[in-house]
Amino acid sequence: MKGGQQEANRINRYLRTLGLELFKLTRRPPEDDKDADKGPYWIVELVPCPDARPVPKGLHMHREKQARRATKPDEHRARLARTMMADVAAYHVQALMNEMRGNYCAATLELEGSLLRTLFNHARNRWWWPEPLRNPAVGLDMPEIDNKRQRVLTNAEWALIVEALQHAKKRRYILPALALLLDTTMRSSELLLTAHWQDVDMARCILKSKQPKRVAARCR
């Protein structure tokens, strides 16, 4: 699945609480998968739970802010992780959602709830577990998701971006990549995962795609 890495990170929060092995995802090279054009695929393995997570240089303040925000929700995740699945009730999951509500957007809460709903559905439909009788992650009081996007980059903002990236010699492809995304409105995954140089028609200034209808509409 496209969001496999984010999904693994959410699962690992619960596994890390118990000191269990964690999921590690590695992107499979496209040449190893005959269906690579359908989307990214992952090699999944279990690795030992480290004592501490390494923090990349320059991200310490950001990680500290994330840790402070996640302190209370992680306490609720720890309680859920240590509770037998048959004993988990809706109010346990609702308590986690309530704690997350003030610090995370509605979409993040929905993803967390979806993860738990999938777990309990899998236990009932695949493992034939009779308990709990009702999926405790269903019917929760959740904030409404508003995915409307009205934000448009202004010319002044684009000029600032260009000025900032003109001197990025080690990352010289960032600026033309952003310009391409801005002009075509293509998804970043299309540019980074599925676009190849052989798809570029230099004479006609066209980037071919496996989704011709969408590209044609943009090119007009």
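Is aspartate 201 buried or exposed? Its relative accessibility is 18%, and because buried means under 20%, aspartate 201 counts as buried. Its side chain also reaches the backbone nitrogen of alanine 203 at 3.2 Å.

**The chain as a whole**

Please keep in mind as you look around that this is a predicted model. The average pLDDT of the chain is 83, and 85% of the residues score at least 70. One stretch to view with care is residues 212-220, where the pLDDT is below 50. In the model, that stretch has 8 contacts beyond near neighbours in sequence.

The chain's secondary structure comes to 8 helices and 4 strands. Reading from the N terminus, the order of elements is α-β-β-α-α-α-α-α-α-β-β-α. The chain has 220 residues, of which 22% count as buried. Among the contacts with a separation of 6 or more, 48% are accounted for by residues 24 or more positions apart.

| Helix | Number of residues | First to last C-alpha | Expected span |
|---|---|---|---|
| α1 | 14 residues | 20 Å | 20 Å |
| α4 | 20 residues | 28 Å | 28 Å |

Helix α1 runs over residues 4-17. It has a kink of about 25°, centred on isoleucine 11. The buried residues of α1 are Gly4, Glu7, Ala8, Arg10, Asn12, Tyr14 and Leu15. What lies over them? The cover includes strands β1 (22-27) and β2 (42-47), together with helices α2, α3 and α4. After α1 comes glycine 19, with a positive phi near 70°.

In α4, the buried residues are Ala106, Leu109, Glu112, Gly113, Leu115, Leu116, Phe120 and Ala123. An α-helix has 3.6 residues a turn, so residues three or four places apart point the same way. The buried residues of α4 pack against α1, α2 and α3.

**The largest nonpolar core**

Which residues of the largest nonpolar core touch the most other members? They are Tyr14, Leu80, Val93, Leu96, Met97, Met100 and Leu116, out of the 17 residues in this core. Helices α2 (60-81), α3 (90-101) and α4 (106-125) each supply at least two residues of the core. The largest share comes from α4, with 5 residues.

Leucine 80 gives a close view of this packing. Apart from its neighbours within four places in sequence, leucine 80 is in contact with Tyr14, Val88, His92, Val93, Leu96 and Leu116. Tyr14 is also one of the buried residues of α1, and Leu116 is one of those in α4.

Alanine 78 sits in helix α2. Its relative accessible area is 15%, so alanine 78 is buried.

**Glutamine 94 in helix α3**

Glutamine 94 is found in helix α3. With a relative accessibility of 16%, glutamine 94 counts as buried. Leaving out neighbours within four places in sequence, glutamine 94 is in contact with Arg101, Leu140 and Asp141. What does its side chain reach at 2.8 Å? The side chain of glutamine 94 reaches the backbone nitrogen of aspartate 141 at that distance.

Key. Residues are numbered from 1 along each chain as its sequence is written. This is a predicted model: local features need pLDDT of at least 70, side-chain atom pairs count only at pLDDT 80 or more; totals for chains, interfaces and linings use all residues. Side-chain values use heavy atoms; hydrogens and water are left out. pLDDT is the predictor's confidence in each residue, from 0 to 100. Contact means heavy atoms within 4.5 Å. Buried means under 20% relative accessible area, exposed over 50%, partly exposed in between (1.4 Å probe, protein chains only). A polar contact is a pair of N or O atoms within 3.5 Å; within protein, one must be able to donate a hydrogen and the other to accept it, and residues adjacent in sequence count only if both atoms are side-chain atoms. A nonpolar core is a set of buried Ala, Val, Leu, Ile, Met, Phe, Trp, Tyr and Cys residues joined through side-chain atoms within 4.5 Å. The expected span of a helix is 1.5 Å times one less than its number of residues. The bend at a residue is the angle between axes fitted to the seven residues ending there and the seven starting there.
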